[in-house]
Amino acid sequence: MKDSETPNKEQNNILERMKAGEPIRPTDPQYHKIHKIVARTISLSAELNNSTNVEQTRKRLSIIIGKELDRSTIIFPPFYTNFAQFISIGKNVFINHACSFLDMGGITIEDNVLLGPKVNLVTENHPTDPADRKALVCKPIVIKQNAWIGAAATILPGVTIGENAIVAAGAVVSKDVPANTIVGGIPAKIIKHIKAGY
């Protein structure tokens, strides 16, 4: 192989391409890497969701995501994730029962965030073209510090929730939420602005 034909490792790495938002199709020669990670995550999640205390849950989720969670962070099982390699969780975060993280596009949760029960963070999407529907198109979700996501809210791919913001229970958020605002509804819209007391 000539130097000019040497493949760029980053371009050829399916995980990097997926996180960068490139469409990933089941016919990709590296698609097996995704299947392998998903199989590991499913296997370890069964153990996670049989945890009997908060510390055990934290330790088991740390193993799944490959990063040690801070002792100030609390996760109540069950907790669901399909991939778990692109999850970053800050300090003093509270994640209530039955939250679901589809993180192939990357999920970042900053410090002091509250997630109510059954919150869905979905970074994965599919093309509208029926012929290409099985392709994955991923975009990251970022939840800034002190945000509060209400019960059963769904955050869609590419959304950033601003600092101190509140997402009302049951909302479906498809656009960025400004800092210090409350949003609600389907699709979520600004309901009011918050005066920061600190």
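Are Phe 79 and Phe 101 buried or exposed? Both Phe 79 and Phe 101 are buried, where buried means under 20% relative accessible area, exposed over 50% and partly exposed in between (1.4 Å probe, protein chains only). The model is predicted, so local features need pLDDT of at least 70 and side-chain atom pairs count only at pLDDT 80 or more, while totals for chains, interfaces and linings use all residues. Residues are numbered from 1 along each chain as its sequence is written, and side-chain values use heavy atoms, with hydrogens and water left out.

**Nonpolar cores**

- A nonpolar core is a set of buried Ala, Val, Leu, Ile, Met, Phe, Trp, Tyr and Cys residues joined through side-chain atoms within 4.5 Å.
- The largest such core has 34 residues, and Phe 101, Ile 109, Leu 115, Leu 121, Ile 143 and Ile 161 touch the most other members.
- Two or more residues of this core come from each of α4 (54–65), β3 (87–89), β5 (99–102), β6 (107–109) and β11 (141–143); helices (H or I, at least four residues) and strands (E, at least two) are DSSP runs, numbered from the N terminus.
- α4 provides the largest share of this core, 3 residues.
- Another core, of 13 residues, lies apart from it and includes Ile 37, Met 104, Leu 136 and Cys 138.

**Ile 161 and Lys 144**

- Not counting residues up to four places away in sequence, Ile 161 touches Val 142, Ile 143, Lys 144, Ala 147, Ile 149, Ile 155, Val 167, Val 173 and Val 177; contact means heavy atoms within 4.5 Å.
- Lys 144 lies in the loop between β11 and β12 (148–149) and is partly exposed, with a relative accessible area of 32%.
- Leaving aside neighbours within four places in sequence, Lys 144 is in contact with Glu 110, Val 113, Thr 160, Ile 161, Gly 162 and Glu 163.
- Asp 132 is 12 residues from Lys 144 along the chain, and their C-alpha atoms are separated by 33 Å.

**Parallel sheet**

- An open sheet of 5 strands has parallel pairing and the order β2-β5-β8-β13-β16; two strands pair if DSSP finds at least two bridges between them.
- β2 (79–81) and β16 (172–173) are the edge strands, each pairing on one side only.
- The parallel pairing of β2 and β5 runs over 3 bridges, and Phe 79 stands opposite Cys 99 in β5.

**Aromatic rings**

- The whole structure holds 3 aromatic pairs; rings of Phe, Tyr and Trp (its six-membered ring) pair if their centres lie within 6.5 Å, with planes under 30 degrees apart counted as stacked, over 60 as edge-to-face and the rest as tilted.
- One of them is the edge-to-face pair of Phe 76 and Phe 94, at 5.0 Å centre to centre and 90 degrees between the planes.
- Phe 76 is partly exposed at 26% relative accessibility, and Phe 94 is partly exposed at 23%.
- Phe 79 and Phe 101 are also edge-to-face, at 4.8 Å centre to centre and 65 degrees between the planes.
- This pair links distant parts of the chain, with Phe 79 in strand β2 and Phe 101 in strand β5, 22 residues apart.

**Hairpin of β17 and β18**

- Strands β17 (residues 181–184) and β18 run antiparallel and are joined by 4 bridges, with Lys 192 in β18 as the bridge partner of Ile 182.
- The hairpin has 4 residues between the strands, and Gly 185 takes a positive phi near 100 degrees.
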